[in-house]
Amino acid sequence: MAQFVFENDIHSILKLDMPITNAPMARWQRKASSSNTSALTPGKTANMSQSLSKTPSKTPGKSKKQTPSKMGGDRFIPTRNSKQMDVASFLLSKENEPMDTNTAGTSESQKAWSMTLNGYNIDDAKILHLGGKPLNAPEGYQNNLKVLYSQVTTPASTKKTRYISSTPDRILDAPQLRNDFYLNLLDWSSRNVLAVALHNSVYLWDATQGDITLLMNLESEEDYICSLSWTKEGSYLAIGTSDCKVQLWDVDNQKRLRSMASHTARVGSLSWNDHVLSSGSRSGHIHHHDVRVADHHIFTLTGHSQEVCGLKWSPDGRYLASGGNDNLVCVWPRVQEGSVSNDSQTVRCWSEHQGAVKALAWCPWQPNILASGGGTSDRHIRIWNVNSGSCFTSLDTQSQISSLVFAPNYKELVSAHGYAHNNVTIWKYPSLTKVAELNGHEDRVLSLTLSPDGSTVATVAGDETIRLWKSFEVDPVQKKAKERVAKTSNSVIHQSIR
């Protein structure tokens, strides 16, 4: 009888496809049982089960090597959760299965179910996902494979650097230009026409055709032009004069439409907001003119004690910024229709500048941001947030600031300087780090203005020259994209001046 039992045991051992019942437990089974035991039974029972199921800590004749736990290794071990392992197991087993032609029509429904249950398409899932950041090497560590695996940028992958020419693209003569810091004698229209005031005359230069036109002359030789400002559409030009008047001219027909008298001193600054023309005078008063009606003077702002030499409406038309020889920067609200009051409270009034504030510029892409520049006693560029009333950036330029303008193509700020540099400087916004200096004028730069496409800045100086600096040309690909957007946008309804 014992012989038959022995033969049956031998027979069962020789059958390799049968499970081995009396063999020791596999390692993965021991680990599973130890983890389950440690989770269910606290204290010493768990420790005993773990100690019983552990394999010997050392292999005879071999020393144990531990994976370094400190920072500095160049290994990167991926992190995997149970869900990723299940997906990986399914994808690997799916590759060995034959393709079923009958389920081709249900692929869309299977994709929808996968997106609903898993949040992603199971066919696009990754078997292995590398998560987290690799550890940094310790200080002084050198990788011997760095030369082999370091990436060298090819000429095609290098970023194109922008070239800013140090010489002007064009120089125009401006004889009999009045060298007065407080005047605004240059403006560029949306129709690409540059207007400049030379003593008592106004000349127009068509930047597209290159034609020069004499628009007007003042009757008295003693009077002179103090300020210029184009309308948004570029059809009409406002001219402030030394005889306390503001004239409106139709440029297409070269005809004066009207002459408005309300100030008691010369008009050194002008700014448009739709049909309302704001003018600043040496008396310190700011007048609002509604050019559509006969009784044009509709409002007076009395916040400055000396000459108003800077005046700018914000791009959205909500605020009017004014700068004066009293070192103040004031921000005024828009005039309400039908208002009969002749006084208005300022939204903001800053007195941080220590010199006359002529240079004012609103940010085109952030309508609540205002930049201001001080004169010889101040020399600071200050960036203001109108909403909060705070100055979040200030820079000492070491030179008198006569004009400011934002260049939207590269989000930069351009400043014109008098004593002591007599140059033009391009600053990166909002850090105000210097990008480039444009030198060439032999006297102080009085004013600057930007072309309608934003690629060129025109500067006029006491050396009786106008210089055009083509410093903001856009990449051709970006230019085509902007032109497509401009074509699809709706045109603004033009209002004529009566």
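1. In this predicted model, Trp 350 and Trp 384 are both buried. Their rings have centres 4.3 Å apart and planes at 10 degrees, so the pair is stacked. Because Trp 350 belongs to strand β17 (residues 348–350) and Trp 384 to strand β20 (residues 380–385), the pair ties together parts of the chain that are 34 residues apart in sequence.

2. A search of the whole structure finds six aromatic pairs, and one of them joins Tyr 319 to Trp 362, where the ring centres are 6.5 Å apart and the planes stand at 15 degrees, so that this pair, too, is stacked. Tyr 319 is found in strand β15 (residues 319–324) and Trp 362 in strand β18 (residues 357–362), so parts that are 43 residues apart in sequence are tied together here. Tyr 319 and Trp 362 are both buried.

3. Arg 178 is placed over the face of Tyr 224, at 3.7 Å from the ring centre, while Lys 358 lies over the face of Phe 181, at 5.4 Å from the ring centre.

4. Side chains of opposite charge can pair when their charged atoms come close. The structure holds eleven salt bridges, including one between the side chains of Asp 290 and Arg 292, with an N to O distance of 3.1 Å. Are the two partners buried or exposed? Asp 290 has a relative accessible area of 8% and is therefore buried, the cut-off being under 20%, whereas Arg 292, at 30% relative accessibility, counts as partly exposed.

5. Another salt bridge joins Arg 379 to Asp 396, with the closest N and O atoms 3.9 Å apart. This pair links distant parts of the chain, since Arg 379 sits in the loop between β19 (369–374) and β20 and Asp 396 in strand β21 (residues 390–396), 17 residues apart. Arg 379 counts as partly exposed at 27% relative accessibility, and Asp 396 is likewise partly exposed, with a relative accessible area of 29%.

6. In the salt bridge between Asp 463 and Arg 467, the closest N and O atoms are 3.9 Å apart, and here both Asp 463 and Arg 467 are buried.

7. Finally, which residues are linked in a network of salt bridges? The network consists of Asp 180, Arg 266, Arg 282 and Glu 307.

Methods: Residues are numbered from 1 along each chain as its sequence is written. This is a predicted model: local features need pLDDT of at least 70, side-chain atom pairs count only at pLDDT 80 or more; totals for chains, interfaces and linings use all residues. Side-chain values use heavy atoms; hydrogens and water are left out. Rings of Phe, Tyr and Trp (its six-membered ring) pair if their centres lie within 6.5 Å; planes under 30 degrees apart count as stacked, over 60 as edge-to-face and the rest as tilted. Helices (H or I, at least four residues) and strands (E, at least two) are DSSP runs, numbered from the N terminus. Buried means under 20% relative accessible area, exposed over 50%, partly exposed in between (1.4 Å probe, protein chains only). A charge sits over a ring if NZ of Lys or CZ of Arg is within 6 Å of the ring centre and within 35 degrees of the ring normal. A salt bridge is a side-chain nitrogen of Lys or Arg within 4 Å of a carboxyl oxygen of Asp or Glu.
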